[in-house]
Amino acid sequence: MMLKKIPILVDNYVWILYNLQNFCIIIDPGLSEPIIKELEKKKWQPVAILLTHDHIDHTGGVKKIIEYFPKIDVFGPNETKRHGVNKIVNKGDKIFILNKIFHVFFTPGHTLGHVSYYSNPYIFCGDTLFSGGCGRVYEDKHLEMYNSIKIIASLPNNTILCCSHEYTLSNLKFAMFFLPNDESINLYFKKIKKRLNNFGKSSLPSFIMFEKKINLFLRTDEKCIKKYLGLKNNLNSFEVFVKLRLKKDFWS
Ligand SMILES: [Fe+2]
Ligand SMILES: [Fe+2]
């Protein structure tokens, strides 16, 4: 299946998977109008919506899309059920849509019931792992978030990371503040800045292989991270993750 992204709101993306028969799947439609407009333009027939979590910038468009395309299936975790979900998904579920298999990963931390959908080579991870960063942790669920981003990072290197926000540049600036001499981060920052300067370009999707190099939240077991954060050497990877996440909370 092929991938298309539609920018909405301030910095969200709605992802669409479509096939040669003009059927498509919509992931996290925070708005309806730009999505319906695009579908009409391309003559795509949506068969399903996938929801990752219960935040309005991911679910706000569902109601109107269902009204417009009443036959559509809406998949989502229990926390999203009030948004017209007719297929509740749970950890470990395998969903078959348009002859493709979607694995449901339970990825809490940003919300209590957040899920991600993996259909090789794509991972739709909502507000869990971002390019160069990770989602905000609510309700103090740092361990859950730490484990969730590890699940996503354990996917094959060529997995295409389809996260929901364009936060990459700001995440890389944060990383460069602490690791000003990190060659991978510096090079990636230059590349992304160039991409973003071209009209209509975005930094996404990313690849898991890049994230392992440039995302500090996936490098919390490295000694240099502890050193530059001024942390004690005996802290474990999870403790470093918490310190890093808290620093980021007050960064932007
Ligand atoms: Fe969110
Ligand atoms: Fe979001």
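Predicted model: local features only at pLDDT ≥ 70, side-chain atom pairs only at ≥ 80, totals over all residues.
Reader: Let's start with the metals. Which residues coordinate the iron ion (ligand 1)?

Author: First, the general idea: donors are N, O and S atoms within 2.8 Å of the metal (3.2 Å for Na, K and Ca), and sites may look incomplete because water is not among the atoms. Here, His53 (NE2), His55 (ND1), His110 (NE2) and Asp127 (OD) coordinate the iron ion (ligand 1) at 2.2 Å. Along the sequence, these donor residues follow the spacing H-x1-H-x54-H-x16-D.

Reader: Why is the arrangement around the iron ion (ligand 1) irregular?

Author: Ideal angles at a metal are 109.5 degrees for four tetrahedral donors, and 90 or 180 degrees for six octahedral ones. As for cut-offs, four donors count as tetrahedral if all angles lie between 85 and 135 degrees; four count as square planar and six as octahedral if opposite donors are over 155 degrees apart and all others between 65 and 115; anything else is irregular. The 4 donor atoms of the iron ion (ligand 1) subtend angles of 90 to 172°, so the arrangement is irregular.

Reader: And what coordinates the iron ion (ligand 2)?

Author: Its donors are Asp57 (OD), His58 (NE2), Asp127 (OD) and His165 (NE2), at 2.1 to 2.3 Å. The spacing along the chain is D-H-x68-D-x37-H. Asp127 bridges the iron ion (ligand 2) and the iron ion (ligand 1), which lie 3.4 Å apart. The pair His58, in helix H2, and Asp127, in the loop between E10 and strand E11 (129–130), links parts of the chain 69 residues apart.

Reader: Is His58 buried or exposed?

Author: Buried means under 20% relative accessible area, exposed over 50%, and partly exposed in between (1.4 Å probe, protein chains only). His58 is buried at 0%, and Asp127 is buried at 5%. His110 is buried as well, at 6%, whereas His55 is partly exposed, with 24%.

Reader: On to the sheets. What is the order of strands in the open sheet that contains E7?

Author: Strands of a sheet pair through backbone hydrogen bonds, either parallel or antiparallel. Strands (E, at least two residues) and helices (H or I, at least four) are DSSP runs, numbered from the N terminus, and two strands pair if DSSP finds at least two bridges between them. This open sheet has 6 strands in the order E7-E8-E9-E10-E13-E14, with mixed pairing. Strand E7 (94–97) and strand E14 (206–207) stand at the edges with a single partner strand each, so one side of each has no neighbour in the sheet. E7 and E8 pair antiparallel over 4 bridges, and Ile97 stands opposite Lys100 in E8. They form a hairpin with 2 residues between them, where Leu98 in the turn has a positive phi of about 50°. E8 and E9 are also antiparallel, over 4 bridges, with Phe105 opposite Ser116 in E9.

Reader: How do H4 and H9 pack?

Author: Two packed helices are described by the angle between their axes and the distance between the axes. Axes are lines fitted to C-alpha atoms, for helices over the stretch in contact, and angles run from 0 to 180 degrees between N-to-C directions. H4 and helix H9 (residues 237–249) pack at about 105°, with their axes 10 Å apart. They are therefore roughly perpendicular (65 to 115 degrees; under 35 is roughly parallel, over 145 roughly antiparallel, and the rest oblique). The contact (heavy atoms within 4.5 Å) includes Tyr146 and Ile149 of H4 and Phe238 and Phe241 of H9.

Reader: Where does Leu155 sit?

Author: Leu155 is in the loop between H4 and E13, and is buried at 8% relative accessibility. Not counting residues up to four places away in sequence, Leu155 touches Phe105, Tyr118, Ile123 and Ile208. Leu155 and Ile208 are 53 residues apart in sequence and 7.3 Å apart in space, C-alpha to C-alpha.

Definitions and conventions:
Residues numbered from 1 in each chain as written. Chains lettered and ligands numbered in written order. Heavy atoms only, no water.
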